[in-house]
Each structure stands twice: as structure tokens, then as C-alpha cells.
Amino acid sequence: MNGSDLTALSIAELQALLRRREISTREVLEKLRDRIAATEPQIDAYLSLDFDEALRQAERADVNLPLGGVPIAIKDIISVAGQPCTCASRILQNYRAPYDATIIRKLREAGAIPFGKTNMDEFAMGASTENSSVKLTRNPWDPSRVPGGSSGGSAAAVAAGTAFGALGTDTGGSIRQPAALSGVVGFKPSYGRVSRFGLVAFASSLDQAGPLTRTVRDAALLLNAIAGPDPRDSTCLNEVVPDYTADLGRDLRGVRLGLPKEYMIEGIAPEVRAAIDQAAAHFTSLGAEIIEVSLPHTEYAIASYYMIACAEASANLARFDGVRFGHRAENPSNLLDHYNRTRAEGFGPEVKRRIILGTYVLSSGYYEAYYARAQKVRTLIRRDFADAFAKVDALISPTSPVPAFPFGERSSDPLQMYLADIFTNAASLAGICGISLPCGFAKTEGGRQLPIGLQLLGKALDEGRILQIAHAYEQSTEWHKQRPPIGETSNAQRPTPNAQR
Amino acid sequence: MSETAELDVAHVAKLARLSLTAEETKLFQAQLGRVLEYARKLRELDVSAVEDAAHAVPIFNLFREDEPRPGLTAEEALANAPRQANGLFVVPKVVE
């Protein structure tokens, strides 16, 4: 088996080789390092790598553990002790995490090896990874296009074969949307299913970490490792974690799937609509029943989401004050000047915009009109889902209305970028779980294939159910076996980051 | 009154302890004006009888034993400090 064949394996396949001693953990890491050296210049998925430390861990790896010897890439918003944790922001440029996030501790206990930190939109604010202050990550399927975001580095690495699996975070779609645009599986757990301790907070009532993988089974394996209560996070639910692989392979007879009629909006690319129609027909052929359902407050989800997310972000990002960690402005004339310039120099344009918006909607005189109203609309959106899940086991929809878009297409207009979240924001507000998996391809004018993502949403803590449904779909289709044409792109035009937007 | 007139980016930037350039102020004023214009649709709904949802999953009053546990050492806590001296964070003078 040559290196790129090995690095294209699923986690489950890799584990089988490791357990049969056909390959060592050290060899896996070396092959992965070679693959990264060969393809990373085309993709730019990583912000930092530490193979020296990973190889030290490989010496002690116990391949019989649930993820024994499996290297996992980590979004650079999740603390890995001793590693940089920059959130792709200048304000955390030199910051190193002093401790492991709970989910990193759990990954290590399961035998996994974190080896690198992936690129992202600064502080997870964006849907294209163009808001990274460091560099652009390119979509492995078409280097002139974005990988999605904010977990774009994690998605691109998994698609490109430079990670067997990765962790990302999803506040309003930031795992599911890049998974869709990069052609991989992305899973957002229910709010409270996974600890947030050690994640740099963006919007605390919405943030959840979850896996990006090449197969549904791999997502279940990673979720098994990271889910569960944490005394260090009081929003983490004190609920038993089932084995999420237990129901994989069960058929879909009797399963009821809801197609929300409000999700069939104008503005969905025709190829995306066709792929979802085809997926619905495929589910029927697998024995599931498709039922039209209504989520009447869908059109208010994006507005509610951005009011709430930005309000929480403006409060969370107040901690970046140049006192205890992070960037500090030189020679301030007084304390106020120290704060004002530290933050002006440290934050990029989208983060500044959201701090301004969040501060505004929380400010005296506007709180009721925007923030409080958005919270009430959030209640209505939660009720919509509760009503729908009384009728069906899961909902199906596109993950993104469009496949991967070209660099710069949406970045000049924040509202256009926000509208890309139409199918993912509502589920985040309701705290339910969701998965995106490959369900087709669109073709570009240049003849390239762009992946299309199918989103399945399940009720809170019903992770096992949507994994089972997603797995049945995946195993009876070929989409997940497609690999991006990496290696043919070496002459591609290198996109230049947008300076000030 | 339009949303754009309500939002005074320069004033909000002061509240947020964030210096903006003249160009940023002008750009954000226009961009966020459009976002707030969009957010106006929230006013179409009658929410007078609806409760707030501050969290997706309301859980309250989680208790645990108040027992000492190991935390970061002073050295670890200071490791990322922009400036430090004598085991303390050094900050600009705040009292004249």
C-alpha cells in the first residue's frame, strides 16, 4: 500500500491494519507527514503541526483502545496542552494552551493522537475560512473555491487525506457546512452532549464541538470518544453516552423522514435541489417514509441567530484585553488606550463587525428590540422542531443552498455570507443534533466536481438515530468513495487574502 | 427612522473598547445597517406571549461538592502574559 492509499483509509480501516500489526502507529504518522508535505502547499489546511510530539505519543500508543494510534487533526479553537491555540487571530498569535480541553483529554484516553491544528475563520466567525488572519484554505475539489467554514481547515484536511479525522466546532453550521462543501461527513452533536471546557468561546449557548470524518462510522467512533458529562462544564448534560456505532447497519423500514417545506426556497442551486430530491427518493427505496413537514419560523432563524450569536460573542471576546494573554498594544497613553488599541490591532474585520453588532443589540434602548426579541423567536423555532419531531424521526434538507463558492464571491458583503447559513442556523438555535454527508456533485464550468451535502437533523440527544439513518444512506451510495483530484492542481493560481473588508 | 440612523458605530465602538479607523467606521456603518435592516423582520412576529430561550437546553442549579482541586500553577498562568514581573501581570498604570 503506498502512502496516499494509506492516508485515504477510514479510521475504522486504519484501526484494522493497526490491530493486525500490519502497520505501526509510527509508520502511520510518517506516511501522514509525507502526505501533508506533498499536498499541504496546495491546500493550506493547517496552522501548526507537531509530529515530534505525536511520534513520542506513538511510542506508547495502545492500538486496542477505541481510537488507539489514530492521528486526529484539531481545529485551532480547541485547547491542546502546549500547542498553539490561535483561533486564526492575531490577538492569539503567540498563545499556547496551558491545558487540554476535556474533549482532547477524552480523545487521548481513547488512544487518539492530536498532531496538528487546523485553519478556520477567525474565532469561528465565517462560512468560508476567508476570515482567517493567517491564510486561505483551498477546497481540495477546486482550489479556486472556499472549503466552507468556519471549520474549513478540518474539512479540507479530511477531504485531502491529510487527516484521518478531525474535530471542529459548530455554532451555526461551522462543522456541517464545510463538511458539505468539502465532501466529507460532519457531525454537530446536540447542545450539551459534548463538553465545551477548553474551547475558546464564541457563542456559549450555541457552541458545540464535533467530528469531521470520511465516513459516518468514523463520526460515530469519534463521538463515542468525546461525548459525555464534564464537571468542568455545567452546560454539559449529565446523560449516559450510548455506543453510537450500535445501530449502524440497521435498516430504514418504518423510519419517517420529514422534508421541511420552508427549506425548498428560491436560491437553492438546481444541482443541490436535484441531489436532495434524489436522496429523498433513495430513502424511500430503502424503506423510509418521506413526509412533508412545516417549520413555520424558518425565515426568522438567521436574524435570530445573528442577534444572539453576536451578542454572546461581544461578551465572550471582552476577555481579550491584553492583560493576561494575547496581543498587547505598545506604549499605551492610559488604560483605555491600552484596551482600544490592543483590540483594534488584534481583531480582524469580521470579528470587529460582530463585536460592534453584539454590543449594539445588548445596549440600552435596543436590547428589547433586538436581543430579547431574538430570544423569544428562538423559543418559537424550538417549538417548530418539537412539533416536527412529533411526526418524524429525522428531518432531511440540503446542508448549504449552494456548493463551494469562489474566493471573494461573498466576502465583500457580510449579509450574503450570513445567508449561506439558512439550513443550519435554526438547528443550532434549537440545540438539536445534525449531520452533513455527501449526496452528489455539481459540475463547474471548468469541468470540476463540487460536492453536495445532505443534512439530517435529529431531536436533542438522538445522535444514534441520525447516525443510523446517515449510515444506511452512505452504505447504499457511492458518493463517499469519491476523492478530490489532488496532485493535478500544482499550477493553480494562488488566491490572495482579502486585506480589509 | 431607519436602522442605519439608529446605529452609531463610532459610539458603540467606544462601548466595546475597540478603536476603529474612519474607513472601518464608515464601512461597518453601511454593512451593519444592512444586517439590521434584515433583522427588522423579527418585528413581524407577535412575541408578546412568548418566553425567552436563553439556552437551547434549559438546565438549572447544577451542584457539585466544593472541594479543592489542582489548577494551573502561577508559572503556567503567567506563561502567556504579555508582560510579567515578580509572579504578577504587569499592566498600565491606572491610578495617578
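**The contact between chain B and chain A**

Visitor: How many residues does the contact take from chain B and from chain A?
Guide: The model is predicted, local features need pLDDT of at least 70, side-chain atom pairs count only at pLDDT 80 or more, and totals for chains, interfaces and linings use all residues. Residues are numbered from 1 along each chain as its sequence is written, chains are lettered from A in the order in which they are written, and side-chain values use heavy atoms, without hydrogens and water. With contact defined as heavy atoms within 4.5 Å, the count is 52 residues from chain B and 70 residues from chain A.

Visitor: What area is buried between chain B and chain A?
Guide: Buried area is the accessible area (1.4 Å probe) that two parts lose on being put together, summed over both. Carbon and sulfur atoms give 66% of a total of about 5500 Å².

Visitor: Which residue of chain B forms a salt bridge with K376(A)?
Guide: A salt bridge puts a side-chain nitrogen of Lys or Arg within 4 Å of a carboxyl oxygen of Asp or Glu. Across the interface the rule finds four salt bridges. In the one formed by K376(A), the closest N and O atoms are 2.9 Å apart, and the partner is D52(B).

Visitor: Which helix gives the largest share of the side of chain B that touches chain A?
Guide: Helices are DSSP runs (H or I, at least four residues), numbered from the N terminus. On this side of chain B, α1 (3-6), α2 (9-15) and α3 (22-39) each supply at least two residues. The largest share, ten residues, comes from α3(B).
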